[in-house]
Amino acid sequence: MRILKIVHTADLHLGSCFTSTPEIAAQRKAEQLDTLRSIVEMCRENSSDALLIAGDLFDSMRVEPQLVAEVQDILGSCDAKVFISPGNHDPAAPDSCYMDEGWPENVHIFKGGLERVDLEGKKTSIWGLGFRHSIEVDSLLTDFKPDDNYINILLMHAELVPDEASESRYNPVTKEKLLSLGMDYCALGHIHKAQAEKVGEFMYCNCGCPEGRGFDELGDKGVYSGHVGKGFVHMEFVSTCNRKYVSERVDVSGCSVVSEFCDKIIGAISKSQGDDYRNNIYSLTLIGALPKGIMPDITAISKKLMETVHYVRLTDMTTTELDINALMKDNSLRGAFVRNIVSKIERDERGRDKYLRALLYGLRAFDGEVKIHEDN
């Protein structure tokens, strides 16, 4: 049986800004390139015949020349033939870096309509197409008939839609359409969560992004790697991410000092994330009831935690008993704020919890502890 070994990736979004974690943005950009290097190394270790990149290799059309050069160098070192299908973030527009002449000979870029490329000596056809604009409301697929004597693989950036009447800005395609094409495997990109479906002898995969970029891309990320033949497809998800983005709620009830908060937090995330918990990037919400008058020093806790974990962002949703009568007697602006909140509670008892939460945040703001994250 003729078998083709492939690695399928997409949505690396190289050059992303990492606005949710600006303090480590430069490092994350470097780690993205490390992920691409590890994917190329996977191809070498597996003796893969083809590396399929299903769109959004870059985060935008405007790519720094240095980044393009790095990517060309990395892909040029790949032992496998590399195929790229430009996506909505990096379409093959006239001024795209995909139109540059510096791409290695082992890299083929689908720069427009449906195109067939045969792998020499493998009796395999890679069918591909590329976005030419950031929005493609009409399907870029055209009718074609694959060669039944060849292994046929389709590579494209696309959005799976329920039916032909569904609207999409990103090359819409239905599962039924994919099934009707006579392909052996379809390598898709665009959706950042890995998903795969096998129907009879046909399989299609959306490999998701191989490296998370924010707290909307949580958990393990990776690629699909495996084998494709006539009437045979076996693909497995392989983790590739340097770090996982993790969002959790941690109960810190009873804590009073920074060391107690940190011990509770480390205990919780090490239990939930396992031995490699230190490498992750965390967004943690602190919950629970604290002793009277205690309000967590978020800055101090974060600083201490980052001696152990790579990065952490804290949100305080704890509660504490306040001596409101004493606070109201304060003759400063702080006291005036407390009296204003108390008057609101007296007028709207049903909103008591909401106003008490506002009171807590306000008091912390007076102490300079509140940080606003615009991307939350």
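In which sense do strand E6 and strand E7 pair, and over how many bridges? Strand E6 (residues 124–128) and strand E7 (residues 151–157) pair in the parallel sense, over five bridges. The model is predicted.

**The six-stranded sheet**

- E6 and E7 belong to an open sheet of six strands, whose order is E5-E6-E7-E10-E12-E11.
- The pairing in this sheet is mixed.
- The edges are taken by strand E5 (115–119) and strand E11 (195–199); each has a single partner strand, so one side of each is left without a neighbour in the sheet.
- On average, neighbouring strands of the sheet are turned by 15° against each other, with direction ignored.

**Packing of H1 and H2**

- Helix H1 (residues 25–46) packs with helix H2 (residues 65–76) at an angle of about 15°, and their axes are 10 Å apart.
- H1 is therefore roughly parallel to H2, because angles under 35 degrees count as roughly parallel.
- The two helices, H1 and H2, cross in the right-handed sense.
- On the H1 side, the contact is made by Leu33, Leu36, Arg37 and Val40.
- On the H2 side, Leu67, Glu70, Val71, Ile74 and Leu75 make the contact.
- Sorted by class, the contact of H1 with H2 has seven nonpolar residues, two charged residues and no polar ones.

**Loop residues with positive phi**

- Asp11 is not a glycine, yet its phi is positive, at about 55°.
- Asp11 lies in the loop between strand E1 (3–9) and H1.
- The relative accessibility of Asp11 is 1%, so this residue counts as buried, the cut-off being under 20% relative accessible area.
- His190, also a residue other than glycine, has a positive phi near 125°.
- His190 is placed in the loop between strand E10 (185–189) and E11.
- With a relative accessible area of 15%, His190 is buried.

**Points to locate in the structure**

- For the helix pair, the contact residues include Arg37 of H1 and Glu70 of H2.
- For the loops, look at Asp11, between E1 and H1, and at His190, between E10 and E11.

Note on methods: Residues are numbered from 1 along each chain as its sequence is written. This is a predicted model: local features need pLDDT of at least 70, side-chain atom pairs count only at pLDDT 80 or more; totals for chains, interfaces and linings use all residues. Side-chain values use heavy atoms; hydrogens and water are left out. Axes are lines fitted to C-alpha atoms, for helices over the stretch in contact, and angles run from 0 to 180 degrees between N-to-C directions. Helices (H or I, at least four residues) and strands (E, at least two) are DSSP runs, numbered from the N terminus. Angles under 35 degrees count as roughly parallel, over 145 as roughly antiparallel, 65 to 115 as roughly perpendicular and the rest as oblique. A crossing is left-handed if the near helix is turned anticlockwise from the far one by less than a right angle, and right-handed if clockwise. Contact means heavy atoms within 4.5 Å. Ala, Val, Leu, Ile, Met, Phe, Trp, Tyr, Cys and Pro count as nonpolar, Asp, Glu, Lys and Arg as charged, and the others, Gly among them, as polar. Two strands pair if DSSP finds at least two bridges between them. Buried means under 20% relative accessible area, exposed over 50%, partly exposed in between (1.4 Å probe, protein chains only).
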